[in-house]
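Here is a short report on how one protein chain is put together. Keep the structure open as you read.

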Amino acid sequence: MKDLLLEIGTEEIPSRFMPDIMRQLEERSRSLFSEERLSFESLQVLGTPRRLALLVRGLAGRQEDLNREVKGPSRKAAFDEQGSPTKAVLGFCRGQGIDPSALVLKDLDGTEYVFARVSEEGRSASEVLPDLLQRLVWSLGFPKNMRWGSLEQTFVRPIRWLVALHGSDVMALELAGVRAGRTSRGHRFLGSGSVEIGSPGEYENLMEETFVVVDPHRRRRMISEQLDELAAGESGVRDDDPDLLEEVVWLVEYPTAFVGSLEPDFLELPREAIITPMKLQQKYFPLSGPDGSLLPRFMGVRNGDKNGLDTVVRGNQKVLSARLEDARFFYTEDLKVPLSRMTEKLDRVVFQEKLGTFGEKVKRIGGLAVFLAGKLGLEEHRDSVAACAAVCKGDLTSQMVYEFPELQGIMGEYYARAQGLGEAVARGIREHYMPRFAGDSLPESPEGICVAIADKMDSIAGIMGAGMKPTGSQDPYALRRAAQGIVSMAVARELNLDFGVLVEEAVRLYGDRISAGVTGDIREFFLQRMRNILEEAGFTYDQVDAVVESGSLNFHDTMLRARALRELSLEGRFGELVTGVTRAANLSRKSPGVLFRKELLREPAEEGLHGALDTAEKKVRELLPDQRYLEVLQVVSGLRPEIDRYLEEIMVMVDDEALRNNRLALLDRVVNLVRPVADLSRIVSRSDS
């Protein structure tokens, strides 16, 4: 057994590409070694902005031998009447490299087939590896590829050096005109240039001696520990930002954290106006005090050691000051312009080519938000909802948001508050963009909820109505996220409303710009989002089917019904409910839909079910308006003895048409009792009591 090292040296790879590249490298390496029957003790992927590396320890010296049986033609097709091999079986034998006399017969489901027993002796790892590694490297996919020189091959960045060692031996491997050797390269500025690697086991230590930490997990730990130590020294806490930390890991080969300061008067700016340039432009970590307020400090990570760190700090402070001076200028100038005037500029900003401007969108949002407020019974908030909707997109024309699009809605809140538009309007402007991503906070204020839903519903209706429905993985307008956000808000904020009326209103507000027939597609789109949320909440697929099949867009109500169904499924009576109602439903499908007539009852079992139904229907009518669905299901499950007696003692499908239809109508009443809660015929994981 020997260790294996593959290092691909490149020009700097964008940090955002690296996590996925590393994932691919590990998954495809494991897959190829398995496919080639080469076992190993451990496999590790390593990398920095300038290199991708694979380190395999304890790699087997040879492939495992392969013994398998390959199915061929049936015996009838393989041999003629004289028992001689046919052309079909001779071709099969040639393909497997065996003589017909070596074939064996096996019976499969009453038919005999010929089988070839194929044995393949494993090759040495040194024979297999060059081709395996070639396939591995060229199988990697990237968001963007580069071509360089006159080469036909493309890669994420030009390949500049290549290390390929099997034990202490250099492998015969060439990629994009670069021949493999044992020479790597150290840190671009601190290293001594070339690094000769004797064997894979030396790789990590040798590279660190030349200021390259090749293990990304170790770099992450080093950065975190250094930042936390610096933060403690400043009596502060760094912002918990895993994405920024991940990005910095892939920007450096040898991390050294430092702390810098900014002029205290910059803290007069909105918090986000300070943090955003820090994080997005400079990749700094802000520091907060015990009370959560920003400190006039920041932390950064240099790609190098501590030599000359004072100069590095001064340079970074100078750059950040320039960034924050710009932010202060933008903010000061924006405050001079009322949000209403910023909003007027939206008449010249295109929302979507077929759907008009953002100014038109704002007007539709206003109409839809006020309509929603009325439907939700928020009459006392109608004026503030309308005021919030009227300026919710105004900051899109501000200088600050032009420079930092990530601050849309956030800066609008600050401007609204500074201009005296009221706390409700200001908060609603920020909240109406929520949720911005999976797991983000949801709006809490009536203004934020109404405007957020209206904004998202307008986009869904317009884009889908213009014939641009999401397909497969393509969703350029993020409509799935918008719909998921609406459903999440409806469920979390317990909005007891059939959103079908909002869909229709959103389509109506577009007039003849979009197809009115899109309503059905939008409904199905929302139902799929509801399914996703229920499945993520742990409901089984049949429970989801049972409650979603009604097509209701009252998402809060759907969640209540699903919870009731799941809760009852944990009780012993669930089997009674499902089995009893299913037996009734199977027969009631034959009902022509005539009204039940009490005077046609003939047998005691009919009288018993009818009486029990009268009592149950009265209770259910009292429970349904209050959405007490678990109690509804429990009431219906109590009918099981009468249903069983009815089906055992009564011949339902009699020749007398009137009597037959009346008996079916009685079963219809059973099914209709539970139908407002769930379609129990969808439940497949049943358990009888």
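Predicted model: local features only at pLDDT ≥ 70, side-chain atom pairs only at ≥ 80, totals over all residues.

Look at one pair. β14 and β16 (residues 294-303) run antiparallel and share 7 bridges. Alanine 257 has valine 301, in β16, as its bridge partner. Strands of a sheet pair through backbone hydrogen bonds, either parallel or antiparallel.

## The nonpolar cores

How many residues does the largest nonpolar core have? It has 135. Met400, Ile460, Phe499 and Phe526 have the most contacts inside it. Helix α16 (residues 446-465) gives this core its largest share, 11 residues.

A second core is separate and has 53 residues. Phe17, Leu133, Ala164 and Ala176 are among them.

Now return to isoleucine 460. Leaving aside residues up to four places away in sequence, Ile460 touches Gly465, Leu479, Ala482, Ala483, Ile486, Ile522, Phe525 and Phe526.

## Helix α15 and its neighbours

Which residues of helix α15 (residues 423-431) are buried? They are Val425, Ala426, Gly428, Ile429 and Glu431. These buried residues pack against four helices: α10 (339-344), α12 (382-391), α14 (410-418) and α16.

Note on methods:
Residues numbered from 1 in each chain as written. Heavy atoms only, no water. Core = buried A, V, L, I, M, F, W, Y, C linked by side-chain atoms within 4.5 Å. Buried < 20%, exposed > 50% of the residue type's maximum accessible area, 1.4 Å probe, protein only. Helix = DSSP H or I, 4+ residues; strand = E, 2+ residues; numbered from the N terminus. Contact = heavy atoms within 4.5 Å. Pairing = 2+ DSSP bridges.
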